[in-house]
Protein chains: 2
Amino acid sequence: MSKKQGQQTIVFTSPPLISSWASLVGPKEGQGPWGEDFDQVLDDYLYDEQTWEKAESKMLREAVKQAISKRYYQPSEIELLISGDLLNQIVSANYAARELSIPFLGMYGACSTMAESMLTAAMAVDGGFFSRVVAAVSSHHYTAERQFRTPIEQGVQKSATSQWTATAAGAVLLEAVPGGNPRITSATIGQVIDMGQSDAANMGSAMAPAAVKTIKAHFDDLNRSPDYYDLIVTGDLGKVGMALAQELFIKEGLLPQPNYSDCGVLLYNDRQDVNSGGSGCGSSAAMLCGPLLKKMSEGKINKLLLVATGALMSPTTSFQGETIPSIAHAVALENI
Amino acid sequence: MSKKQGQQTIVFTSPPLISSWASLVGPKEGQGPWGEDFDQVLDDYLYDEQTWEKAESKMLREAVKQAISKRYYQPSEIELLISGDLLNQIVSANYAARELSIPFLGMYGACSTMAESMLTAAMAVDGGFFSRVVAAVSSHHYTAERQFRTPIEQGVQKSATSQWTATAAGAVLLEAVPGGNPRITSATIGQVIDMGQSDAANMGSAMAPAAVKTIKAHFDDLNRSPDYYDLIVTGDLGKVGMALAQELFIKEGLLPQPNYSDCGVLLYNDRQDVNSGGSGCGSSAAMLCGPLLKKMSEGKINKLLLVATGALMSPTTSFQGETIPSIAHAVALENI
């Protein structure tokens, strides 16, 4: 059987095992509905470092170290690290990789980077190249604010459509071993979609069409219907983007499913002041490497489709009048 | 035979064919020693666009289109695009991918991105996931200057160790087909190395140890000696970095080889005012997708080791007093 199915989907013939995972989150994320499910909730946003940027890189590094130590590995026993983040030149990942000394491939897919890294890692394992690969990402509210938006100290009021960049890091360890669950069984690689939206304070709406297109491609390519999965979860569309996605599902003939949600909506509770919801590549990474993989290990979820979404503009392209190109990658995780 | 050899190297069991390639360069690169070997030399730096950033993205897009049109493919027949560049949020690649509508994975490895994208593409092909994958990168002198350094209009004098970011884009098409040359036979994935250098105007020196470490790992892992290759070419160490690399080769017991050079040194001639030499991920991409692959197709080079190097800092980490982490990935191209 060909590993490529249909237009955009690959099926793993020896589905890599997610043998361990870890998540670290900031104080706000710890106060949300899933605080008990993360490996570590930080007391503050600096994590004993001098800058938020160093704190974010340390969170990423610690997520990797905690994931691999659960399997009693040393970093030197990990063959490949695939990682990225939201910062210019993905410095959180670069500096984490410097400390870990694991052969390293850096990725950038904005908030889609967790799914992008996981599917690339799964290709590296199922393709027979490596037997122990870590995929990991991070985001940090305060590093993202000062890079993408305005100085925190300025106290600019946020629009209702805006999202709160999560302070969070997540890591998964993929192994080529028999036995055990959950496993990555297939993945759908997204195309870049741009419906002409230019409001960087409403990224959920920009990304929703990309998410729906990738989900539709996934079902078409594998000849599956949405009820195949116990849960389909988009990366971080937030409330506004999730509502738009649900409208688009109807247009595409994919009726709204009770088994659909969004990591940006799930991550915080309604009393937390995050406007449309969470965002940042740490958002889907923490939800996955916290509550979702926990539920898979308990058998409460047996088939999960993670569809991480990314808004691929930069402040420079926004200043230059460009609209927001978006992407979504889907990764299927199954207890088989 | 295991596809993984030694610590950091993977060997492709069905080496992907580089079935076509294309390169576009700016006016300065066209006036260098290899002007005749590029597919297109631009008349100016704007390429009929309103901004340098849009021009760079167009160069990348055109390199991809020209590479695939040489094999009479349409973009819709290409299964995967793996691409990156130097700009914040890799917007050159993102916007090129938007126009091309090819499933897309974005990478960031600074000036190592061409080798990183090629080896990932080779895994995707040799792993049996895709049969037609493009790897492509770009850089642009004026987009890099205003992002990483100072406004062009300011006319800041460059130090002698500084390098000139190449205005260049290169693309290779990898195919899983029998017959034909050259092919990607193996690759060595680098670790992040940081020897404590913090001068962003001397990136060649920061990257040289990473290049030498990856080259040594490649030889150790495959039990090869440097004379296996007709040419070993580092990405863009420039004159200063290349001299340091040659010193380090001696320390590592790899005697200086007549078959070693550097893309940053090769790209310009001595009369061009580029201080230590060229840099930017377009530098190694254009040298590869211009003169080097041409020489391979003519049989003048039969075994080439491309070792693209990247300096993984950002302006923010430099401002925060960090040193420069560096990486190098090696890709072996052979007529077999």
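A: The radius of gyration is taken over C-alpha atoms, and the globule rule is 2.2 Å times the number of residues to the power 0.38. For the 336 residues of chain A in this predicted model, that rule expects a compact globule near 20 Å, and the chain's 18 Å agrees. Along the principal axes, the C-alpha atoms of chain A fill a box of roughly 55 × 50 × 35 Å. Buried residues (20 or more other C-beta atoms, placed from the backbone, within 10 Å of their own) make up 64% of chain A.

Chain A has 10 helices and 15 strands, taken as DSSP runs (H or I of at least four residues, E of at least two) numbered from the N terminus. Two of these helices, H6 (residues 203–222) and H7 (residues 238–251) of chain A, have axes, lines fitted to C-alpha atoms over the stretch in contact with angles from 0 to 180 degrees between N-to-C directions, that come within 8 Å and cross at roughly 35 degrees. The crossing of H6(A) and H7(A) is right-handed, the near helix being turned clockwise from the far one by less than a right angle.

With contact meaning C-beta atoms, placed from the backbone, within 7 Å, H6(A) contributes residues including Gly204(A), Met207(A), Ala208(A) and Val212(A), while H7(A) contributes, among them, Gly238(A), Gly241(A), Leu244(A) and Phe249(A). By class, this contact of H6(A) with H7(A) has 10 nonpolar, four polar and no charged residues, where Ala, Val, Leu, Ile, Met, Phe, Trp, Tyr, Cys and Pro count as nonpolar, Asp, Glu, Lys and Arg as charged, and the others, Gly among them, as polar.

Residues are numbered from 1 along each chain as its sequence is written, with chains lettered from A and ligands numbered from 1 in the order in which they are written. In this predicted model, local features need pLDDT of at least 70 and side-chain atom pairs count only at pLDDT 80 or more, whereas totals for chains, interfaces and linings use all residues.

How values were computed:
Two residues are in contact if their C-beta atoms, placed from the backbone, lie within 7 Å. A residue is buried if 20 or more other C-beta atoms lie within 10 Å of its own, exposed if 12 or fewer, and partly exposed in between; C-beta atoms are placed from the backbone.
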